[in-house]
Protein chains: 2
Amino acid sequence: MTAPATADALGSRPETLAAGRILDRARELVAPALTDAVATLHPWIAEMAAYALGHGGTDTGGRGTEADSRGGKGVRQALALLGAELAGAPAACGVPAAVAVELVHTFSLVHDDIMDGDALRRGRPALWKAYGTGPAVLAGDALLALAVGTLSTAPEAARRLSAALDDLVRGQADDLLLARRPWTGPEAVTAGEYETMAERKTGALLGCALALGAQLGGVDERIVAALDRVGRHLGVAFQIVDDLLGIWGDPEVTGKPVHGDLREGKKTFPVLAALDGPYGPELAQLLGARDTAERAADLVARAGGRTAALREARRHLAAADALLDSVPCSPHAAGELRSLLSALTRRTV
Amino acid sequence: MTAPATADALGSRPETLAAGRILDRARELVAPALTDAVATLHPWIAEMAAYALGHGGTDTGGRGTEADSRGGKGVRQALALLGAELAGAPAACGVPAAVAVELVHTFSLVHDDIMDGDALRRGRPALWKAYGTGPAVLAGDALLALAVGTLSTAPEAARRLSAALDDLVRGQADDLLLARRPWTGPEAVTAGEYETMAERKTGALLGCALALGAQLGGVDERIVAALDRVGRHLGVAFQIVDDLLGIWGDPEVTGKPVHGDLREGKKTFPVLAALDGPYGPELAQLLGARDTAERAADLVARAGGRTAALREARRHLAAADALLDSVPCSPHAAGELRSLLSALTRRTV
C-alpha cells in the first residue's frame with residue numbers, strides 16, 4: 001500500500017501541507033501493523049476489512065476503481081501517534097493505540113452505513129452494498145473484536161477503549177433517536193442534545209486516540225484525561241464543520257450531494273440553531289423535502305444558523321487549544337497537533 | 001425477573017430434573033449482575049438488550065406475551081459457574097464470566113438473526129423484526145462492547161474472551177460461506193468442515209464459559225485448557241443434536257417448522273453424512289425444496305445420515321467425558337456438569 005497524498009484532500013494552502021504530512025507519516029507508520037492485524041482475520045472477513053479500510057490495492061474485485069479504493073484520512077491513527085509524542089515518547093509507542101482506534105473507526109463506519117442506509121462511502125459502494133448486509137454486520141463485528149483483542153495485553157488501555165466504545169454506541173443511539181424527533185414543539189431537539197450526541201459519536205474516539213497514545217507513552221492520568229477532552233472538543237467542532245459542509249460545501253470536494261443533509265431532514269447544528277429563532281416555524285416547513293432545500297439553506301443562513309455554527313465550532317477549538325496549553329507536553333508534538341486541528345476544521349471555520 | 005422452570009423445557013424425566021435445577025440456580029445467581037450490567041447501557045439500548053435477553057417482564061410493549069418473554073436456557077452462564085466450582089471455588093466466583101458469556105451469546109443471536117434473516121427467536125419476533133435492522137445492529141454492538149467491558153479488570157479473562165470472539169466470528173463466517181457451497185462435486189462441504197464450523201460457532205463460547213469460570217476460580221492453565229476443550233466437544237455435539245431436531249424433532253417442542261432445515265437447504269451434519277453415500281445424487285436433488293422435504297428426510301435416514309449424526313454426537317460427548325476424567329476437579333461439580341451435558345443432548349442421543 002502506498003501512502004496517498006492526503007495533503008491534496010485537505011487543500012493546498014501552506015498551513016494544510018503540514019497536516020497532510022502528519023497524516024501521511026502516521027499512515028506509513030501504522031499501515032504495517034494494521035495490515036498484520038487484519039491478516040489474522042478469517043480470509044473472507046479480511047477481504048471485507050481491507051475493502052472497508054480502503055486497502056483495496058489494484059484489485060477491487062469490480063467494486064470500484066483503484067483510485068476509489070483510497071482509505072480515509074486516518075485522523076485517529078495520527079492522533080494516537082501524536083498522543084505518544086505529546087507524552088515525550090517516540091511515535092512508534094502509539095502504534096498499538098493507532099491500530100485499535102482505526103479498527104474501531106472502521107467498524108463504526110461499516111455498521112453506521114447499514115443503520116443509516118448510506119449506500120456510498122468514500123466514493124464507492126458501502127461495504128453492505130458491495131457484500132450484503134449480513135456479511136457487513138459480521139465484518140463490523142470482527143473489526144470490533146479485533147480492535148479489543150489488539151489491546152488485550154495492555155489492560156489500562158483496553159479499559160479506556162472500552163469506555164470510548166460505550167460512548168460511541170450511546171452517541172449512535174442518540175443520533176438514531178434524534179432523527180425521529182420533531183423540528184418544533186416540546187419534543188424538538190436542542191443544540192445541547194446535538195452536542196452531547198456529537199461528543200459521544202465523534203469526540204469520544206478522537207479523545208480516546210489521543211489519550212491512548214499518551215497513556216502508552218507513559219504520562220500520568222491528569223494529562224491523559226486532558227488530552228481526552230481535547231479530542232472530544234475536536235470531535236464536536238469536526239461534526240459541526242461536517243454539518244456546514246453538508247449544507248454549503250462544494251459537492252466536488254465533499255463527495256456529497258448539494259444540500260443533501262437538508263433534503264434528508266438531518267438534525268444538524270446550523271439548522272437546530274436557526275430553528276431557535278424567529279424564522280423557526282417557516283424553516284421547519286421547508287425541511288426534509290427535495291425541492292425546498294435551497295430555500296431552507298438560505299433561511300438557515302439568514303436566521304443566523306451558519307454564523308452560530310461557525311462560532312460554536314470555534315469555541316470548541318479554542319477550548320481544545322486552552323486545554324493543550326494547560327498540560328506539560330512536548331512543544332513540537334503540540335504544534336503538530338494544532339496544525340492538524342486547524343487543518344481539519346479550516347475549510348469553513 | 002422470576003426464574004422460569006427450565007426443567008419443563010428439558011422434559012420431565014428424573015435425570016433431566018437435575019439439569020433444570022442447575023440452570024435455574026445459575027439464572028438466579030447471575031440475573032442480578034446481568035441486570036445491573038444491562039442497566040448501564042443507553043436506555044433505548046437497555047430496552048432492546050432486555051428484549052433480546054428475554055427479560056421482558058410483564059410489559060413487552062405489544063411485542064409478545066409475558067410467557068413469550070422467557071429468556072434462553074442460560075447454558076453458558078451455568079457452565080461459567082460450574083467452571084468456578086470445578087476449580088474448587090464458590091459458584092459466585094464465576095459470575096463475572098457468566099455475565100460476559102451470556103452477553104456475548106445474546107449479541108451473537110441478535111446479529112446472527114439479521115444475517116440469517118430469521119424472523120423468530122424463542123417464539124416471538126427477533127430483535128431486528130421488533131425494532132428494525134439498524135437498531136438491532138446497534139444493540140448487538142452494545143452487548144458485545146459491554147461483554148468485553150465487564151472483564152476489563154481481569155486481563156487474563158479478557159484475553160480468553162477475545163480469543164473466543166475471534167472463533168465465534170470465524171465460525172459464523174464459515175457458516176455463511178458453507179451455505180453458498182454446492183451439495184455435490186469438488187466444492188461440496190465435508191463433514192469435517194462442518195465440525196470445524198460448529199466448534200467455532202457454538203463450541204468456542206461454551207468452552208470459553210467453562211474455562212473462564214475455572215480461570216476466575218483460580219486453577220492452573222492445563223485444567224483451564226482441558227475444560228475449554230470439554231466445552232468445544234459439547235458445542236459440536238449440541239450443534240449436531242440441533243440438526244437432528246431440525247429434521248426429526250417435534251415442532252411443538254423445538255418451536256421450529258417440520259423439516260425446516262431441509263426445506264431451507266441448510267448444510268446439516270445428517271445431510272452431509274448421507275450425501276457421502278450411494279444415495280447422494282438422488283438426495284441432492286430433493287434438498288432445498290418445500291415439497292420434497294419429507295422424502296429427503298426419509299432418504300437421509302435410509303442413507304445412514306441420522307445414525308452417523310447420533311454416533312458423532314456421542315463420540316464428542318464421550319471425548320468431553322474423558323477430558324473431564326483426566327483433570328483434577330471437584331467431583332460434585334463434575335457430576336453436575338455431566339448431568340447438564342447429558343440433559344442438553346439427551347432428547348435424541
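Axes here are lines fitted to C-alpha atoms, for helices over the stretch in contact, and angles run from 0 to 180 degrees between N-to-C directions. This is a predicted model, where local features need pLDDT of at least 70 and side-chain atom pairs count only at pLDDT 80 or more. Residues are numbered from 1 along each chain, and chains are lettered from A.

**Exercise 1.** Work out how helices α8 and α9 of chain B pack.

Solution. 
- Start with the angle: α8 (residues 155-180) and α9 (residues 191-217) of chain B meet at about 165°, their axes 8 Å apart.
- Now classify: angles over 145 degrees count as roughly antiparallel, so α8(B) and α9(B) get that label.
- Finally, sort the contact residues of α8(B) with α9(B): 13 are nonpolar, 3 polar and 9 charged. (Nonpolar covers Ala, Val, Leu, Ile, Met, Phe, Trp, Tyr, Cys and Pro; charged covers Asp, Glu, Lys and Arg; the others, Gly among them, are polar.)

**Exercise 2.** Classify the aromatic pair A:Y51 and A:Y131.

Solution. 
- Check the cut-offs: Phe, Tyr and Trp (six-membered ring) rings pair with centres within 6.5 Å; planes under 30 degrees apart are stacked, over 60 edge-to-face, the rest tilted.
- The centres of A:Y51 and A:Y131 lie 5.7 Å apart with planes at 75°, so this pair is edge-to-face.

Key
Side-chain values use heavy atoms; hydrogens and water are left out. Helices (H or I, at least four residues) and strands (E, at least two) are DSSP runs, numbered from the N terminus. Angles under 35 degrees count as roughly parallel, over 145 as roughly antiparallel, 65 to 115 as roughly perpendicular and the rest as oblique.
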